[in-house]
Amino acid sequence: MSILFHTDWPNRDQWLDGLRRAMPDARIRVWPDIGDPSDITFAVVWNPPSGFFADLDRLAGVCVMGAGTDAILAKGEIPESVPVARVVDPVMSNRMAEYVLAATLRFQRRFDDYALQQSRQEWQRLPQKDAGSFHVAVLGLGQIGRLVAGRLAANGFKVGGWSRTAREIEGIECHTGSDGLARLVSWCDLLVNLLPLTTQTRGLLDRDVFWAMPVGGGIVNCARGAHVVTADLLQALDTGQLSFAMLDVFETEPPAADDPVWSHPRVHMTPHVSSITNIETALPQIVAAYDATRAGRPMANRVNRKQGY
C-alpha cells in the first residue's frame, strides 16, 4: 500500500518532509513518479492534473490539502465509491477571519480613498460610518463563515449571514433562500463571499446582486473566482454602484496579463492567500484520514458529493 502525493504549492518540499516525518512507515510516492499504480491506495493532493486518478484502480481514499474540493470534484475522475475528505482547520479559519476583518476595516475607514487623496496631495476628512452602523453580509456560514461573522460582530459591526440551509447564530441575523439573499444584500455596505463553489453558487454574484446593494458598497471574495461575474463587477465599480472590491481568488490564477482587474483603481488583489493551509495543524488530519482508510473506518470531514462540499 502506497500514498500518492501531489501539490503545486511552492512549499511542496516542506509538505513532503512533514508527511514523511508524520508517517515514517508509509510508502509515499510523488507524482508523476507513481511506480506501480495498483499499489496506490491513498492520495494526498491539491490541484492534481487531469488524468491523475485514471489508473488508480485500488484507490480507497483521497484527502484534499485544504477546505475547497470543487476543482477536484468537477473533473469527475474520482469514482463515486472512493471517499474524499478535506482539511478543516481552526488555524485556517482564524487566518480567514483576520483577512476579512482587515479588508472590512480598510473599506469602512476609507483607507483607499485617503491613499488616493495622498497621491493628489489633498488633505480632507471624509464622511465615515462607525462600525455599529456599518452592515456586513457574510455568504456561507460553515465553520469558517461562522468564525468570520463572529469576529466581525465582536468588533462592533452589524453582521448578517446567508447559507443554503437555515442557521441560528447568536448575534448574527441569518438568512436562507433566494428571498433571504435579496433581503440581506439590500442593506449591506459590504458583501463577503465564503460560499463553496457548486452549480447553484457559480456566477451567483452578478449584476442583480450588485445593483441590489446600496450605492457605493463593496465586496470581498475569498471563496472562488467563479462565484463572481467579473464583467458585472467591473461595470458596477465603473459606474459607482460599488466602490470597493477586495479579491483573493480568480477564475484563472493568476489572471491573464491583459485582464482589467490588474489595473482597476477600485480592485485590490491578493494571490489566494486569505487562508493558507497550515502544515503543522493539517498534517494530523491527513494522517488520521489515512489511518481511517487503512482500518476501513469513515474519514472525518468527508465531502458530500451531492452537495459539493
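Predicted model: local features only at pLDDT ≥ 70, side-chain atom pairs only at ≥ 80, totals over all residues.

Biologist: Which residue in β4 does Ala43 stand opposite?

Modeller: Strand β3 (residues 40-45) pairs with β4 in the parallel sense, over 4 bridges. Within that pairing, the residue opposite Ala43 is Val62.

Biologist: And on the β5 side, which residue stands opposite Val64?

Modeller: β4 and strand β5 (residues 84-86) run parallel and are joined by 3 bridges. Opposite Val64 stands Arg86.

Biologist: Are the residues of β4 buried or exposed?

Modeller: In a regular strand, side chains alternate between the two faces of the sheet. In β4 (residues 61-64), Gly61 and Cys63 point one way, and Val62 and Val64 the other way. Whichever way they point, all of them are buried.

Biologist: How far apart in sequence are the parts that the pair of Trp31 and Phe52 ties together?

Modeller: Their rings form a tilted pair, 6.3 Å centre to centre with 40° between the planes. Trp31 lies in the loop between β2 (27-30) and β3, whereas Phe52 is in the loop between β3 and β4, so the parts tied together are apart in sequence by 21 residues.

Biologist: What kind of pair do the rings of Phe52 and Phe53 form?

Modeller: Both Phe52 and Phe53 are buried. Their ring centres are 4.8 Å apart, and planes over 60 degrees apart count as edge-to-face. Here the planes are at 75°, so the pair is edge-to-face.

Definitions and conventions. Residues numbered from 1 in each chain as written. Heavy atoms only, no water. Buried < 20%, exposed > 50% of the residue type's maximum accessible area, 1.4 Å probe, protein only. Helix = DSSP H or I, 4+ residues; strand = E, 2+ residues; numbered from the N terminus. Pairing = 2+ DSSP bridges. Phe/Tyr/Trp six-rings, centres within 6.5 Å; stacked < 30°, edge-to-face > 60°.
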